[in-house]
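Biologist: Can you put the model up? I'd like to go through it with you.

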Amino acid sequence: MDKKHLVLPAVLVAAAAVVATVAVWPTELKTLREQNLCLGMLTEKTAGLLQDGKGGAVLVDEDESSGSAAKSADPVFSTICFVHRANADADTPRLQYTLDARPADTLRDPVKEATQVGEGLTGWVGPRQSEVQLSAACAKEMKTTAQHVTVTLKVSPGVLAGRNWDDTSLIKDSRTVILEAVDNLVKQYDCAA
């Protein structure tokens with residue numbers, strides 16, 4: 001057999017091996033999304049921090065929206081993470097909070113009683129809602145045309161009541177939840193917050 005006829009099959013075999021290796025090679029994005037909740041943003045321990053005091057197992061529903069962001073190839077922009085607690089005496093779980101990431105050029109104005117998130121990040125943490133903005137570098141890695149990506153946490157009224165309206169406690173736990181979400185997104189996309 002002529003050697004020049006073996007070159008093409010050899011190149012095709014080498015290309016297939018490279019593609020197969022890349023496809024199965026573990027990445028931070030794949031690893032975090034497999035191990036954690038909310039598209040890899042939260043560990044189960046952190047997901048359970050914000051709760052109404054009535055107990056029950058942590059349940060997570062990653063709901064893909066039908067909005068314009070749903071057209072994105074990356075589900076992080078089209079998914080809202082609903083964190084619930086199971087009810088012992090009813091089939092319907094109790095909503096504790098929602099968490100989502102969205103392309104945005106600016107943050108919303110801070111809510112009443114909010115504090116700056118700190119740790120070199122842009123954003124604020126409040127007892128009912130929190131927002132942290134990821135850097136332009138993250139927005140670029142996440143392949144969005146917006147200048148930034150904003151991570152938003154919205155706490156259910158039941159959690160507020162269950163905590164006896166203790167804003168200090170809520171802000172502390174909200175800060176922990178949103179900072180872990182930001183940290184894990186930064187790891188997934190290998191960008192600086």
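Modeller: First, a term: on a 1 Å grid over the protein atoms alone, a pocket is an open set of points where a 1.4 Å probe fits, with protein on both sides within 12 Å along at least five of seven lines; lining residues have an atom within 4 Å of a point. This is a predicted model: local features need pLDDT of at least 70, side-chain atom pairs count only at pLDDT 80 or more, and totals for chains, interfaces and linings use all residues. Residues are numbered from 1 along each chain as its sequence is written, and side-chain values use heavy atoms, leaving out hydrogens and water.

Biologist: Which residues lie nearest the centre of the largest pocket?

Modeller: Ile80, Asp100, Arg102, Arg108 and Lys154, out of twelve lining residues.

Biologist: And which strand gives the most to that lining?

Modeller: S3, with four residues. Strands here are DSSP runs of E, at least two residues; helices are runs of H or I, at least four.

Biologist: What caps its N-terminal end?

Modeller: Asp166 does, with a side-chain oxygen 3.3 Å from the backbone nitrogen of Thr168. Just after H6, Asp190 has a positive phi of about 50 degrees.

Biologist: How many bridges join S5 to S6?

Modeller: Four, and the strands run antiparallel. Pairing takes at least two DSSP bridges. Gly123 stands opposite Val132 in S6, and a hairpin links S5 to S6 through three residues.

Methods:
A polar contact is a pair of N or O atoms within 3.5 Å; within protein, one must be able to donate a hydrogen and the other to accept it, and residues adjacent in sequence count only if both atoms are side-chain atoms.
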